Amino acid sequence: MSRYVLPLSVLGTVVGGAVLLKDFVAGGACPSKATIPGKTVIVTGANTGIGKQTALELAKRGGNIILACRDMEKCEAAAKEIRGETLNHRVNARHLDLASLKSIREFAAKVAEEEEHVHILINNAAVMRCPHWTTEDGFEMQLGVNYLGHFLLTNLLLDKLKASAPSRIINVSSLAHVAGHIDFEDLNWEKRKYDTKAAYCQSKLAVVLSTKELSRRLQGTGVTVNALHPGVARTELGRHTGMHSSAFSSFTLGPIFWLLVKSPQLAAQPSVYLAVAKELEGVSGKYFDVLKEKAPAPEAEDEEVAKRLWAESARLVGLEMSHGSTERGQPLPE
Ligand SMILES: NC(=O)c1ccc[n+]([C@@H]2O[C@H](COP(=O)([O-])OP(=O)(O)OC[C@H]3O[C@@H](n4cnc5c(N)ncnc54)[C@H](OP(=O)(O)O)[C@@H]3O)[C@@H](O)[C@H]2O)c1
């Protein structure tokens, strides 16, 4: 018996060490144990991946959770699963297609009408490296869903968020923003040859820039807004790349992937942390690399670029409508 004790303890140490190393490399659990009883939370793209795990964790912490998804069948199934697992019955599914300005406006109008408060908005949904698709309103799909859709949604929910203060907006970006560049001459890839990777990076850079600009605009309102990179996780995000299904990535890069790629549950921790942590009260306009605040890419810090992008985004999604322009920002006919 005793001859097994040493090998087993060595094995235990090796496995424990590897798990610690993985947590160190990939980022660990949310360090805050704060609960959010009665707080209303909206999570976009919550039927799968990081968004679903974020909704689950926040439901465990007592929130009233609204899962905002484009596919109602998947959304209802996720809501049911979360209710079953957490025994929190205030978890509901709502339709939101971020590739449609009409759908975003309908969703926001319903929330304004039916919800007394919105305390936490988590802009999580995204599409990555899809073919050259466009949204219902003609925007390049990655810019349209990942950035412009959330830009409009956030702006439409601002009154509710302000009335519910202290409240928080969390924008899920990506480390990929460092490779991004905002091309004001061709934001929607109508003139250049489409580069699906660069389009994803541009959309995620836009998310960080608008986080910074919105934080400046929200000073003194009690509403904070921060952006984050969740780490690399095993989710459906790579569905358009085929990477996750390649034998090369599964076998050759297996050990590296094991170390660097985490579960959606672990990748949800940064969103949960920014949503609940008491120590982050009043913290706004920051970028978090997993659980640590970090400087984003230099272009993301450029205030002029942020202001120009804000104005252009408002024009594109029709936020100037009350000032005499149509949905796509064209001047109204006389
Ligand atoms: N996974 C990673 O390694 C990683 C790394 C860095 C950043 N991120 C970021 O983390 C966030 C979550 O990604 P994930 O990894 O969990 O990806 P995922 O598993 O692919 O989940 C993405 C979610 O977004 C939803 N979505 C896509 N298009 C939408 C639309 N038009 N309207 C509404 N919802 C839409 C999807 O809905 P359907 O299921 O209906 O398509 C799904 O619920 C994203 O912002 C992503 O960029 C992830």
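**Entry 1: ligand contacts**

I started with Lys204. An N or O atom in its side chain sits 2.9 Å from an oxygen atom of the ligand. I kept in mind that this is a predicted model.

Next I looked up Ala233. Here a polar backbone atom is 2.7 Å from an oxygen atom of the ligand. Then I turned to Arg239. One of its polar side-chain atoms lies 2.9 Å from an oxygen atom of the ligand.

I asked how much of the ligand the protein buries. Taken alone, the ligand exposes 900 Å², and the protein buries 97% of that.

Which elements give two or more residues to the shell around the ligand? I found α2 (49–60) and α6. I counted 29 residues around the ligand. Those that come nearest are Asn47, Arg70, Asn124, Tyr200 and Thr235.

**Entry 2: Lys52**

I stayed with α2 and picked Lys52, which is found in that helix. Is Lys52 buried or exposed? I read a relative accessible area of 17% for Lys52. The cut-off for buried is under 20%, so Lys52 counts as buried.

I then looked for a polar partner. The side chain of Lys52 makes a polar contact with the side chain of Glu81, at 3.0 Å.

I listed the other neighbours, leaving out residues up to four places away in sequence. Lys52 touches Gly45, Ala46, Asn47, Ala78, Glu81 and Ile82. I noted Asn47 again: it is also among the residues that come nearest to the ligand.

**Entry 3: helix α11**

I moved on to α11, residues 303–317. This helix has 15 residues. From first C-alpha to last it reaches 21 Å, close to the 21 Å expected at 1.5 Å a residue.

Which residues of α11 are buried? I wrote down Val305, Ala306, Leu309, Trp310, Ser313, Ala314, Leu316 and Val317. They cover an arc of only 160 degrees around the axis, so they lie on the same side of α11. The spacing fits a general rule. An α-helix has 3.6 residues a turn, so residues three or four places apart point the same way.

I checked what this buried side packs against. The partners are α4 (101–114), α5 (141–163) and α6 (196–217).

Last, I looked at both ends of α11. Asp302 caps the N-terminal end. A side-chain oxygen of Asp302 lies 3.0 Å from the backbone nitrogen of Glu304. After the helix comes Gly318. Its phi is positive, near 80 degrees.

Conventions:
Residues numbered from 1 in each chain as written. Predicted model: local features only at pLDDT ≥ 70, side-chain atom pairs only at ≥ 80, totals over all residues. Heavy atoms only, no water. Helix = DSSP H or I, 4+ residues; strand = E, 2+ residues; numbered from the N terminus. Expected span 1.5 Å × (residues − 1). Buried < 20%, exposed > 50% of the residue type's maximum accessible area, 1.4 Å probe, protein only. Arc of directions from axis to C-beta. Contact = heavy atoms within 4.5 Å. Polar contact = N/O pair within 3.5 Å; in protein donor to acceptor, adjacent residues only side chain to side chain. Near = heavy atom within 4 Å. Areas by Shrake-Rupley, 256 points an atom, 1.4 Å probe, with all protein chains shown as cover.
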